[in-house]
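Hi,

Here is the structure I said I'd pass on.

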Amino acid sequence: MYLPEHYRRLKRAPQVILPKDIGIILAYTGVNRDSVCVDAGTGSGWLAVSLARVAKHVTSYDVREDFIKIAERNREMERLENLTIRLGDVKKKIEERDVDIVTLDMPDSDKALKNAHKSLRTGGYVVGYLPHMEQVKKFVEVLDKLKFTETFTTEVIARDMLVREEGTRPSTKGVWHTAYLVFARKGE
Ligand SMILES: C[S@@+](CC[C@H](N)C(=O)[O-])C[C@H]1O[C@@H](n2cnc3c(N)ncnc32)[C@H](O)[C@@H]1O
């Protein structure tokens with residue numbers, strides 16, 4: 001899968017969110033220079049950095065100090081002063097209030113939805129990045145209980161093409177499944 005230079009230069013440790021999925025997160029949440037975001041887990045910070053390249057401010061939480069160190073290096077390299085990386089468990093607490101977007105890429109992220117709900121402004125978006133269908137089902141059940149609206153689940157499949165003298169066709173290599181994406185908005 002093609003990685004543009006501004007991703008190739010980023011360090012990575014745990015599984016990162018790839019540009020094909022980052023693109024749809026940016027597009028569907030409408031993140032812009034006025035947006036305040038919360039992200040978890042930070043991991044290597046690929047999504048956090050991508051949000052911070054666009055948003056007013058991003059706070060990203062992780063429970064692991066070793067991953068936070070890697071993400072901090074990416075933050076410094078990208079000179080993103082609007083990205084704050086915090087040690088913390090979002091299943092226990094999210095301190096920020098009135099935020100526009102909460103992104104969740106971590107195990108059992110449905111258990112962080114109550115805190116995401118508290119943190120969001122009305123109409124704000126929550127995004128779940130979930131590798132398995134079973135996780136999607138749980139996540140959507142909790143969204144419904146919390147009366148989130150406009151719940152929408154999708155998957156991005158990017159097919160790389162081989163363009164050659166002998167013939168042009170989809171490549172047989174590449175990343176197929178990464179994760180399902182669930183988007184929803186905090187109701188009134
Ligand atoms: C797959 S990685 C996230 C990758 C990141 N989205 C990126 O694009 O680089 C999942 C992260 O969630 C963190 N995590 C797990 N449970 C957490 C929790 N309760 N609160 C915050 N972070 C958590 C893990 O330590 C891990 O770094």
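This is a predicted model: local features need pLDDT of at least 70, side-chain atom pairs count only at pLDDT 80 or more; totals for chains, interfaces and linings use all residues.

The ligand first. There are 22 residues around it, and the ones that come nearest are Gly41, Gly43, Trp46, Asp105 and Met106. Sorted by class, the shell has 12 nonpolar residues, along with 5 polar and 5 charged ones. Helix H3 (46–52) and strand E2 (57–62) are each represented in that shell by at least two residues.

H4 itself takes in residues 65–77, so 13 residues in total, and its first and last C-alpha atoms are 18 Å apart, close to the 18 Å expected at 1.5 Å a residue. Which of its residues are buried? Ile68, Ile70, Ala71, Asn74 and Arg75. They sit on the same side of H4, because they cover an arc of only 160° around the axis. On the face turned away from that buried side you'll find Glu65, Asp66, Lys69, Glu76 and Met77, which are exposed. Just after the helix comes Arg79, with a positive phi of about 50°.

Helix H6 (residues 133–145) can be checked for length too. With 13 residues at 1.5 Å each it should span 18 Å, and the 19 Å between its end C-alpha atoms agrees with that. Lys147 follows H6 and also has a positive phi, in this case near 60°.

Now the strands. Strand E9 (residues 180–185) pairs with strand E5 (residues 120–130) in the antiparallel sense, over 6 bridges. Within that pairing, Tyr125 has Arg185 of E9 as its bridge partner. E9 is also joined to strand E6 (residues 149–155), again antiparallel, by 5 bridges. There, Glu155 is partnered by Tyr180 in E9.

Finally, there's a hairpin to look at: E7 and E8 form it, with 2 residues between them. Strand E7 covers residues 161–164 and strand E8 residues 167–170; they run antiparallel and are joined by 4 bridges. If you want a place to start tracing the pairing, Arg164 has Gly167 in E8 as its bridge partner.

That's everything from my side.

Cheers

Key. Residues are numbered from 1 along each chain as its sequence is written. A residue is near a molecule or strand if its C-beta atom, placed from the backbone, lies within 6 Å of it. Ala, Val, Leu, Ile, Met, Phe, Trp, Tyr, Cys and Pro count as nonpolar, Asp, Glu, Lys and Arg as charged, and the others, Gly among them, as polar. Two strands pair if DSSP finds at least two bridges between them. The expected span of a helix is 1.5 Å times one less than its number of residues. A residue is buried if 20 or more other C-beta atoms lie within 10 Å of its own, exposed if 12 or fewer, and partly exposed in between; C-beta atoms are placed from the backbone. The arc is that of the directions from the helix axis to the C-beta atoms.
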